[in-house]
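Here is a short briefing to read alongside the model.

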Amino acid sequence: MGTGDTDTSVLISPNKNYSNADSYSVKLISISNNNCIDSITKTINVNSNVMANFNINDSFQCLTGNSFVFTNSSTNSNSQTWSFGDASNSAVLSPTKTYNTTGNFVVKLVANNASNCTDSITKMVTVNAQPTIGTITGSNTPSSITTPFTYSILNQTNTNYSWSVINGTIQSGQGTNTIDVIWSITGTGSLKAKIMNSNSCLDSTILAVNITSVGVNEKMVNTFSSINFKPNPFTNGIEISFVSITKEITKLVIVNAVGKEVYAKNIQSNIGDNTVIIDEMAGLKSGIYFAHLENNNGFSQTVKLIKN
């Protein structure tokens, strides 16, 4: 018997494994005891094997916003069936799946070809639990740019904390659930808290604030006005000019961008125009500073300065 690939056999009913996909002509020659000969030839087809496989964009994702992309990389396949481990399935070539619950899910791909050859493969994906941050506790109307304000979120185990501030500086507590903030300028600002659990899943919240420099003293009389700092930006000295309707002591405090005091002086103001020259500024590093003026009546004002 010839098997169509140069192999032969004299067995009555042989078994044959072919190593390549192709069409083969198999010939059987029968010889009687009288040397009478007959033969028959038939064609067999060996089809290519299907090799099922797929890739996953990220096998470990958080519940919020999870989106598993399964990219079919099977060979010799022209149809497929997906099972996602939650009783849902798909026949799409490379589907995207979002899970509604946490847990481990076994994803199975069954790949087929036109010759009914089949192969399958399974892989696991994990949907991790999402932390809940809650709300930020603390004043949303801070009334000072020199006094620290405390803000906190719920303390949770196995959790990392991260804070960021707009128009303010974190004085202490970064990396914990409670921080102290000094607000840099009057006006609007915000505080953002972010937490991450042991599975690297995140949640965040934002507290908007309205920063005032005088708080409860806003109703007090403004006894100085027309405040002007020049030059601004400055290099060495600064000239401060303002008008006062009373004779009193006015305190000047200059802080850097992180709220550290770099200069302080009491100014004796007189009724009418006042001019004060501050010439001890040459040694300051280049950057942004804030000058805070406050008089005996509790009225205050803050001006942003830039040092060249």
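Searching the whole structure turns up 1 cavity of 30 Å³ or more. A cavity here is a set of points on a 1 Å grid over the protein atoms alone where a 1.4 Å probe fits but cannot get out. This is a predicted model, in which local features need pLDDT of at least 70, side-chain atom pairs count only at pLDDT 80 or more, and totals for chains, interfaces and linings use all residues. Residues are numbered from 1 along each chain as its sequence is written, and side-chain values use heavy atoms, with hydrogens and water left out.

**The cavity**
- The largest cavity holds about 50 Å³ of space, a volume being the space filled by probe spheres set on the grid points.
- Its lining residues (an atom within 4 Å of a point) include I145, W183, N256 and F290.
- Strand 14 (178-183) and strand 19 (248-256) are the elements that give two or more residues to this lining; strands are DSSP runs of E, at least two residues, numbered from the N terminus.
- By class, the lining has 7 nonpolar, 4 polar and no charged residues.

**The surface**
- I29 sits in strand 1 (residues 22-31) and is partly exposed because its relative accessibility is 44%, between the cut-offs of under 20% for buried and over 50% for exposed (1.4 Å probe, protein chains only).
- N100 lies in the loop between strand 8 (96-97) and strand 9 (103-112), and is exposed at 70% relative accessible area.
- N100 and N66 are 34 residues apart in sequence, with their C-alpha atoms 8.8 Å apart in space.

Technical notes. On a 1 Å grid over the protein atoms alone, a cavity is a set of points where a 1.4 Å probe fits but cannot get out, and a pocket is an open set with protein on both sides within 12 Å along at least five of seven lines; lining residues have an atom within 4 Å of a point. Helices (H or I, at least four residues) and strands (E, at least two) are DSSP runs, numbered from the N terminus. Ala, Val, Leu, Ile, Met, Phe, Trp, Tyr, Cys and Pro count as nonpolar, Asp, Glu, Lys and Arg as charged, and the others, Gly among them, as polar.
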